[in-house]
Amino acid sequence: MDAAIQALNGAVQHVVPELILLATVCVTFAIGPFLVSDRHGHSTGVRHRWGIIALIGIVSAAIAWQNGSMESVTTGPFRIDELVWFTRLLSFSLGSVLVLVLWGQVEDRVSAECQACLLAILAGSNLVAAANDLITLFLALELVSIPTYVLLYLPGKGTASREATIKYFLLSIFSSALVLFGLSYLYGLAGTTSLPGVHEALKTAISSGSLPIAALAFTMLLAGLSFRITAVPFHFYAPDVFQGVAPSGAAMLSFIPKVVGFVALFRVVQALSILTAKNAALSSLEVTLISGMAIITMFLGNLMALRQRNVARMMAYSSIAHAGYMLAGFAVIAQGAIVNGWSALLFYLAIYGIATIGVFGVLVAVSDSHKQAQTLDDFSGLSRAHPLTAMLLAIVLFGLTGLPPTAGFLGKLNLFLAAWSQGNVLGEILAVAIAMNAAISAWYYLRLVAVMFLHPSSHSGESKVQIPALVGSALCAVATLALFVAPQALWKAAESVGRLTS
């Protein structure tokens with residue numbers, strides 16, 4: 001026991017940024033209730049204070065990360081490597097944008113709790129990447145899940161919001177059970193909870209032949225984590241939840257769970273080391289399974305999005321389709337190709353996060369206290385009432401479509417090259433599916449652009465926009481264009497993670 005405590009104390013220094021976020025969460029939860037009273041109400045604008053505090057917490061964590069040791073750590077409960085650094089880059093940068101999106105939409109009375117939950121989710125996503133133990137991995141996953149339930153519930157209004165939150169809560173518990181079931185099989189096989197220990201215990205057995213229980217464990221984990229990344233057939237909750245919860249909650253759901261899901265899957269693959277051929281990370285059966293999921297997810301998401309007139313439901317199916325693109329990258333994790341599949345996935349994940357959060361930021365910005373922008377008709381003639389907002393939305397929609405000069409074009413190109421360069425029929429099928437679905441998605445993304453710029457205006461000249469959300473959308477739009485011109489830094493960061501598959 002003493003040795004375990006000493007190891008844990010020694011590991012604390014490697015997760016200082018996450019501890020800063022969690023300390024901010026504790027302070028916010030402790031102080032927030034004292035500033036709100038049912039009898040005396042609350043001071044107007046208190047949400048601005050908590051928004052600033054949340055940004056300070058993220059900036060402080062980022063500074064601690066930059067000033068801390070960049071040395072890799074592979075032992076103990078936490079593993080610090082390029083994947084952790086990339087995940088922190090995403091969580092700190094896009095987490096700040098999510099704070100801005102949430103800022104103006106949440107009510108003053110629950111602003112402290114909402115911002116604290118968001119910070120806890122960001123800390124949890126980082127800890128999933130740093131997990132080097134089965135217990136640490138599961139606890140980090142739950143650190144993301146539990147605050148998510150609260151964050152989805154508090155900003156919402158009416159029965160639709162409550163119904164959506166309960167639906168996500170119940171299905172999330174089911175997915176967590178599948179993950180825990182798979183982790184229990186790994187522990188039973190290896191006799192240890194350490195991921196390096198699992199790797200060493202299973203290395204001989206897996207390299208010498210098939211191990212059905214290990215394959216079953218991976219299947220259970222893939223099923224449980226597919227709920228987070230909204231992959232078919234675990235996608236069905238997304239449209240109802242995205243439509244029912246507040247746009248700020250949908251913005252978080254569209255991105256953070258995908259980061260968590262794919263990072264956790266990668267850690268599991270690292271531990272299992274299911275090697276069947278040189279430079280292969282997955283067995284042929286698993287590659288076929290994931291490739292099939294990718295193709296079905298892409299087509300179902302995009303074809304269903306064509307039918308939607310509610311923008312939140314359209315973005316939910318869009319999120320499903322993009323999960324398919326990323327699964328295609330995950331299926332072709334290999335060295336020796338023109339583009340590494342894992343690097344292409346992470347590069348695309350960052351670009352997708354920027355663009356989709358930008359879309360939801362505009363949804364928040366153009367909504368007022370009396371009406372929330374929901375259908376395509378609500379965006380009719382938006383370019384006349386709010387030309388800047390319409391332009392920002394058009395840019396991020398072009399990014400999701402994959403049109404130049406946006407970074408979305410480079411993201412889809414890398415995934416296409418990663419699949420096509422595998423040199424087999426399955427890789428070529430994945431590449432063709434990516435190209436076909438990019439063309440399909442252009443219809444519903446550009447339809448919204450046409451509604452904004454070609455239809456008569458349905459907005460009064462007195463309507464206002466929410467400034468924090470508009471600033472967040474502007475940052476996303478600028479990043480979408482800038483990463484097309486100068487993608488080198490982001491690609492090098494993703495490429496360094498791709499080397500971990502060797």
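Tutor: Let's start with a term: contact means heavy atoms within 4.5 Å. Before we use it, note that this is a predicted model, where local features need pLDDT of at least 70, side-chain atom pairs count only at pLDDT 80 or more, and totals for chains, interfaces and linings use all residues. Residues are numbered from 1 along each chain as its sequence is written, and side-chain values use heavy atoms, with hydrogens and water left out.

Student: Okay, which residues is Thr389 in contact with, leaving aside its neighbours within four places in sequence?

Tutor: Those are Val362, Val366, Leu382, Val465 and Leu470. Thr389 itself sits in helix α16, residues 387–401. Helices here are DSSP runs of H or I with at least four residues, strands are runs of E with at least two, and both are numbered from the N terminus.

Student: Is Thr389 buried or exposed?

Tutor: Buried means under 20% relative accessible area, exposed means over 50%, and partly exposed is in between (1.4 Å probe, protein chains only). Thr389 has 3%, so it is buried. Across the protein chain, 58% of the 502 residues count as buried.

Student: How do I read the packing of helix α2 and helix α3?

Tutor: Look at the angle first. Axes are lines fitted to C-alpha atoms, for helices over the stretch in contact, and angles run from 0 to 180 degrees between N-to-C directions. Here α2 (residues 16–31) and α3 (residues 46–67) pack at about 160°, with axes 8 Å apart. Under 35 degrees counts as roughly parallel, over 145 as roughly antiparallel, 65 to 115 as roughly perpendicular, and the rest as oblique. So α2 and α3 are roughly antiparallel.

Student: Which residues of α2 and α3 meet?

Tutor: From α2, they include Val16, Ile20 and Thr24; from α3, Trp50, Ile53 and Gly57 are among them. The contact residues divide into 11 nonpolar, 4 polar and no charged. In that scheme Ala, Val, Leu, Ile, Met, Phe, Trp, Tyr, Cys and Pro are nonpolar, Asp, Glu, Lys and Arg are charged, and the others, Gly among them, are polar.

Student: Where is Pro405 found?

Tutor: In the loop between α16 and α17 (407–420). The bond from Pro404 to Pro405 is cis, with omega near 5°.
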